[in-house]
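Hello,

Here is the model I promised to pass on to you.

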Amino acid sequence: MSTTTSPQTWRDWLLTDTPASRAQAAWGGRYRLWRDFTANKLAMAGLAVIVAMALAALLAPLLAPYDPGVQDLTNRLARPSAAHWLGTDELGRDLYARILFGGRVTLGMVVAVVALVAPLGLAIGCIAGYYGGIADRLLMRVTDVFLAFPRLILALAFVAAIKPGITSAIFAIVLTAWPPYARLARAETLSLRGTDFIAAVRLTGAGSARIVLRHIIPLCLGSLVVRVTLDMSSIILTAASLGFLGMGAQPPSPEWGAMIATARRFILDQWWVPTIPGVAIFLISLAFNLLGDGLRDVLDPKQR
Amino acid sequence: MKRLKALAATTASVPITLFGLVLVTFLIGRVMPIDPVLAIVGDRAPADVVAAARLELGLDRPLYVQFWIYLGKLAVGDLGRSVMTSHTVWEDIKRFFPATMELATVAIIFAAGIGIPLGVLAAVKQGSRVDHVIRVVCLAGHSLPIFVLALLSLLVFYATLHWAPGPGRQDILFDDQVPSITNFLTVDALLARDWEVLRDAVAHLIQPAAVLAYFAMAFIARMTRAFMLDALAGEYVITARAKGLSAARVIWKHAFGNIAVRLITIMALTYAGLLEGAVVTETVFSWPGLGQYLTISLLNADMNAVLGATLVVGITYLAFNLLADMLYKLLDPRVS
Amino acid sequence: MQVDIRNLSIAFPTATGLSHAVRNVSLTIGNEKLGIVGESGSGKSLTARSILRLLPRGARMTADKLSFDGIDILKADESAMRAIRGKRAGLILQDPKYSLNPVMTAGAQIAEAWRMHRKGGAREAHEGAMDLLAQVKINDPARVFGAYPHELSGGMGQRVMIAMMLAPDPELLIADEPTSALDATVQAEILRLLEDLVARRGMALILISHDLPLVSHFCDRVAVMYAGRIVEELGAGELAQAKHPYTRGLLECLPALSHPRPRLAVMKRDPAWAEGPPGAPLA
């Protein structure tokens, strides 16, 4: 059985019902997932929006026509025009530039939260699930306590106690976001712990740390990725709500929620000023929801 | 009997969670860098006054003693005094919480009334255009910041169309016209048989409740759709169709009948979640509820008020979670 | 009552094109007991369910003819189908654990079927259901009436299922592996019950199973399906004359007391079986 490498046969090689090797089966599986995923137009649209907004945020200094902090009091609350694509705010600052730079704040907060919360939740969940006993009961009790608070309200109280600002907002969101991850990781670990292949790994003399790190955590990652993607929009909304309530990023930072808070008094006359950052939040959060939905359908069809 | 045991098992964990809730709130109160003494006596108070206040507040004692004192005060409903309103926090909560409950109750009624039929429709027509539209409407509900929708709603329905009255709970004209018995304005107006106040209260209630309801509706519709898809794939649905039942009866009696209990628990959870949405909605609509009280206290660093409100919301949230669990165990015949 | 199936094909759309689950099946069922035998995925259930038009979502059904007592099932509207389903033809599914509604009592489900097709109030329906429970030989109908499906044993559940399908007095009963989920001793009881009811009521029966000897013992006629086709039709007494290698293979896999074999045969499958007889259109 020799394989030639023209495009059609690559596809056939990937889609064959009788793979000749483990690698072929694995790549075939990945190709099928990718094909299912790309067939979902809404998810692809979400992915496109996320990539575009991330690029816009990264390249903000190049793309922005003005400095987001420069005021022009003679040109306050201007309508969108050729000079100011999205108009100006109450201090005459260019809204388009502020939206671009605001994307950095928002996406930066999201990345920071995810980078902290996913490993934390995974670690707590895996330890509780794998070791069981007192560790499990104690950790899950703590998880329950944190789940018992509505997310935004606990975050608000926490930020208020420290000091309003971006860093405290990030920690506050982490503090309120980890319990579902721990629950998820624990459930996955519990279902894996009793399986025969873990018993087999144990028989070969692998220690607990190796089993958890090499065999359990990799298998939890699929559902974790889905959960993170679906959680993104919730993190974005919490961050924006904190900003709106004056407990997150502080003016003059161009964080979208804070921009809406300062511009909300213009809603009746210059309605576009608070609406534009609102649209930005909506777009990015919708994009993450669409992507997460698509990923879930492909990676985790059980929990539709 | 088994049912009772299941219920007992659910309630057993509550005191521990409750204790954790109080502990977390207490600890948040103690990590703050703002000196609570200065907030009370002022920055310029002489050193001996500050020291006396510190002693009176028990702040010189070890943390666990302070926690014990805090617990003791909680047990008699003493949450301290709000610097901002100069009432006790407990009095404030009694005044503001009913307004939030009123808002959330109307919102959940809207949300369930629209969300459940939409979810069922989407599941029955899975993959059709209707399903996609409903799915996007729901996703939008999960993606839109609630304060943006609230602001836009004010712009459209209040400022442009003049359909809705402005922010607030009632017109200034009617302030204090009916006696506060329950602090639910609509109920108080009903009790006083003051129809004008009732009409005004309802008019003020509809807009913020509808905004809040959209988010709850999105969640309820999405869950209903997922549960219904699950139920419709059941063998018993084939049995019901093989019996020659009408499509409506197969869907509503057999498939929906199987998810009704799960939906009730979802509603209880959503209701609890509405408390969170209320914080932001109330701020935009100047609705004098617990959410607005919380945000104003936050901005004024009025920690007693913040912690009191947080604790009350946490306990309510916990109570609804418990209620959801209990309803499930009581109503579902499969639990035994 | 006569069911006519001519050239029935059922296919499902997949990523790589249509996947054919039933290919060019033709069958005539009169007032008799017909067995349809085949392994999982051979298309036996789909063939039987097409008579009630109860196919899974997305299934594409084509046929030259598909009729129930002269009613064209391919063209009938939903209300005409509902007049057949339950009323004239019942369907018994494999596992009562899943096929009974878990949140309705057994009695309520039987009474619902009773009321659907007969005139009468709640009281009559209750009496009718109790009577049906007695007919399926349940000793304490009152207890079973008020029980939820998870409170009943598998055999008991299947009796409830049968009672429910008998409620409107159908002319045809389709039993889709009615005993596969049950213990061996209970299997025999349920089959004896079915046999008895079919004989007493003069119903036609389609019994779907993967158990060839059981079916041939029980039915007048057996159709053997393989990969979506009927490969052989036999009278029940003619098993010994089976010609198709698949049928022969099935029979040879069985241990028998009369002529013991040291080792049972393993079926060797010929890919040509799935292709159908020479000259058949490749659906």
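First, some ground rules. This is a predicted model, in which local features need pLDDT of at least 70 and side-chain atom pairs count only at pLDDT 80 or more, while totals for chains, interfaces and linings use all residues. Residues are numbered from 1 along each chain as its sequence is written, chains are lettered from A and ligands numbered from 1 in the order in which they are written, and side-chain values use heavy atoms, with hydrogens and water left out.

**The two chains**

Chain A has 12 helices and 0 strands; here helices (H or I, at least four residues) and strands (E, at least two) are DSSP runs, numbered from the N terminus. Its C-alpha atoms fill a box of roughly 75 × 60 × 30 Å along the principal axes. Chain B has 14 helices and 0 strands, and the box for its C-alpha atoms is roughly 85 × 55 × 40 Å, again taken along the principal axes.

**Where the chains meet**

At the interface, 44 residues of chain A are in contact with 47 residues of chain B, contact meaning heavy atoms within 4.5 Å. About 4,000 Å² is buried between the two chains, with carbon and sulfur atoms giving 77% of that area. Buried area is the accessible area (1.4 Å probe) that two parts lose on being put together, summed over both.

There are 3 salt bridges between chain B and chain A, a salt bridge being a side-chain nitrogen of Lys or Arg within 4 Å of a carboxyl oxygen of Asp or Glu. B:Arg222 and A:Asp293 meet in a salt bridge, at 2.8 Å from N to O. Over all chains, the structure holds 35 salt bridges.

**Helix packing in chain A**

Helix α8 (residues 166-193) and helix α10 (residues 208-244) of chain A have axes that come within 10 Å and cross at roughly 155°. Axes are lines fitted to C-alpha atoms, for helices over the stretch in contact, and angles run from 0 to 180 degrees between N-to-C directions. α8(A) and α10(A) are therefore roughly antiparallel; angles under 35 degrees count as roughly parallel, over 145 as roughly antiparallel, 65 to 115 as roughly perpendicular and the rest as oblique. Residues making this contact include A:Ile173, A:Tyr181 and A:Leu184 of α8(A), and A:Leu219, A:Arg227 and A:Asp231 of α10(A).

A:Asp231 also forms a salt bridge with A:Arg151, the closest N and O atoms being 3.4 Å apart. That pair links distant parts of the chain, with A:Asp231 in α10 and A:Arg151 in helix α7 (residues 151-161), 80 residues apart.

**Helix packing in chain B**

In chain B, helix α6 (residues 89-124) packs against helix α13 (residues 290-299) at an angle of about 130°, with the axes 7 Å apart. α6(B) and α13(B) are therefore oblique to each other. Among the residues that meet are B:Phe96 and B:Phe97 in α6(B) and B:Leu290 and B:Tyr293 in α13(B).

**Two backbone details**

Most residues other than glycine have a negative phi, and most peptide bonds are trans. The peptide bond from A:Pro251 to A:Pro252 is cis, with omega near 10°, and A:Pro252 lies in the loop between α10 and α11 (256-263) of chain A. B:Ser286 has a positive phi, near 50°, and sits in the loop between α12 (247-285) and α13 of chain B.

Best wishes
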